[in-house]
Amino acid sequence: MCGIVGVVSNAPVNQTIYDALLLLQHRGQDAAGIVTQQERKFFMHKAKGMVRDVFRTRNMRSLPGNCGLGQVRYPTAGNAFSEEEAQPFYVNAPFGIVLVHNGNLTNAHALKSELFITDHRHINTESDSEVLLNVLAHEIERTTRGLPLQPVDLFAAVRNVHKRVRGSYAVIALIAGHGVLAFRDPFGIRPLCMGKLDGSTALASESVALEGIGYNFERNVDPGEAVFIDLQGKVYSEQCAASPQLNPCIFEFVYLARPDSVMDNISVYQARLNLGEALAKRVISTVPPNEIDVVIPIPESSRPSAAQLAQLLGLPYREGFVKNRYVGRTFIMPGQAVRKKSVRQKLNVIASEFKGRNVLLVDDSIVRGTTSKEIVQMARDAGARKVYLASAAPPVRYPNVYGIDMPTSSELVAHDRTVEEIREYIGCDALIYQDVDGMKKAIGSLNTQIQGFDASCFDGVYVTGDITGEDIARLNESRVGGEENPEDTSRLALPNPA
């Protein structure tokens, strides 16, 4: 999962791209990068770390030009520790191309071999984004064949990319001396939208990034569509997929996206309210509301769902946990006792909200279950009589292959366990999950144009239709290993700021 942005303007774009990346920081904290173009020359700075730490004044001064790209990275494939795998990626032919990518290619291994044997291109990292860049570069080279570049050539190249590449991808590429090309996979799994301001055009993963830099949201890039913005600001677009269909990742609405974003014409905040409404019906069938004294969200993404649930059930809504925003990741430590201390540094209880009460905790999702187990114990330690736990999402039973760093099946608490077995592991008095159909209906009702969702981590249905058990095993082998061990208590090893 990453955040990407591209801008073509009539003024310097370095500060604009930096500001947009700050607004997309929740989509990745591992690395950040910006590339700009001035007189056909690229200027790039990228490194591991948060946006505010990667870019200093001297770095910003070295990024001149009126068009450019940026990315914040959360690695899901490749090497998490390599500075070389921070984006953007660059190839010098044809024309000179730099690229940023959000998503995950499911056939990157086969493509890498194909690029070397057939296309005679060298891949120097383990990143699927470098594979994607070289496929795009090869297809642009084929369509132009030494002639001046035209938008029609780029659209022909993207059509060929769609034929070769499998998986999820939202892409923005800068072509030296020509402009910015953006496209989205034929299923629209990963998000991409476009905005305008006084003749300038920007593209970004979420609408909040466009609004935050003063651009007016114009529209989403359609599944399979390619958009080209030349250096004069003229916009060209064309549908480049044979059978496009909108199947966005439902986990974006559950957890990943900022609540103030609108994605594929769905308000993320409203989607989470709807999830709370659907969850309320599930709670009633499991725990009578008169046995619940208070509803407490587990920060941050669950707050809208918890508030809506509490309102519908006529129960008090309270904040019972305070998150320390200045604690980083939980590293491998010499003993679990030390580890628990580290987890509790991230989250602290307001004891008065728990003491002597039957509390209903609401979370957006439960992945490994270790976080939930620890939080339930924290509620008991604070004096709660009974602790019920409700998840606004269904059980996460399957790995994600489209760009979310979801653990392998064996690490998922819901894999091969019944709800009762999960409840026993977590240690709560009752466990209530959203159901898959209820989740899809709650979110899908906000945009009837959506034909379906990628909800593969919940229902095991992979929308691209080409994922086998062998593919999942191979992708799991290439998963990035972070500093956390299997006992990691972060939900996705990814802090999600408000």
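In the predicted model, helix H5 (residues 128-144) and helix H6 (residues 151-164) meet through a set of contacts to which H5 contributes Leu132, Val135, Leu136, His138, Glu139, Ile140, Thr143 and Thr144, while H6 contributes Asp153, Leu154, Ala156, Ala157, Asn160, Val161 and Arg164. The residues of this contact divide into eight nonpolar, four polar and three charged. Two packed helices are described by the angle between their axes and the distance between the axes. For H5 and H6, the axes come within 8 Å and cross at roughly 135°, and the two helices are therefore oblique to each other. The crossing of H5 and H6 is right-handed.

Helix H5 also lies across strands E5, E6, E7 and E8 (179-184), and runs at about 125° to E6. These strands belong to an open sheet of six strands, arranged in the order E5-E6-E7-E8-E12-E13 with antiparallel pairing. The edges of this sheet are formed by strand E5 (89-91) and strand E13 (235-239), each of which pairs on one side only, and the twist from one strand to the next averages 20°. Within the sheet, strand E6 (residues 97-105) and strand E7 (residues 167-175) run antiparallel and are joined by nine bridges, with His101 standing opposite Val171 in E7.

A second open sheet consists of four strands in the order E16-E19-E20-E21, and here the pairing is parallel. Strands E16 and E21 (430-433) stand at the edges with a single partner strand each, so that one side of each is left without a neighbour in the sheet. In this sheet, too, the twist averages 20° from one strand to the next. Strand E16 pairs with strand E19 (residues 358-363) in the parallel sense over four bridges, and Pro297 stands opposite Val362 in E19. The parallel pairing of E19 with strand E20 (residues 386-391) extends over six bridges; the bridge partner of Asp363 in E20 is Ser391.

In a regular strand the side chains alternate between the two faces of the sheet. In strand E16 (residues 294-297), both faces are covered, as Val294 and Ile296 on one side and Val295 and Pro297 on the other are all buried. Helix H10 lies across E16 and E19 and runs at about 170° to E16, whereas helix H13 (residues 419-426) lies across E20 and E21, at about 125° to E21.

Two loop residues were also examined for burial. Pro299 lies in the loop between E16 and helix H10 (303-313), and with a relative accessibility of 5% Pro299 counts as buried, because the cut-off for burial is under 20%. The C-alpha atoms of Pro299 and Glu411 are separated by 22 Å, the two residues being 112 residues apart along the chain. Asp264, in the loop between strand E14 (262-263) and strand E15 (266-267), likewise counts as buried, at a relative accessibility of 6%.

Terms used
Residues numbered from 1 in each chain as written. Predicted model: local features only at pLDDT ≥ 70, side-chain atom pairs only at ≥ 80, totals over all residues. Heavy atoms only, no water. Buried < 20%, exposed > 50% of the residue type's maximum accessible area, 1.4 Å probe, protein only. Pairing = 2+ DSSP bridges. Axes fitted to C-alpha atoms, helices over the stretch in contact; angles between N-to-C directions. Parallel < 35°, antiparallel > 145°, perpendicular 65-115°, else oblique. Left-handed = near helix turned anticlockwise from the far one by under 90°. Contact = heavy atoms within 4.5 Å. Nonpolar A, V, L, I, M, F, W, Y, C, P; charged D, E, K, R; others polar.
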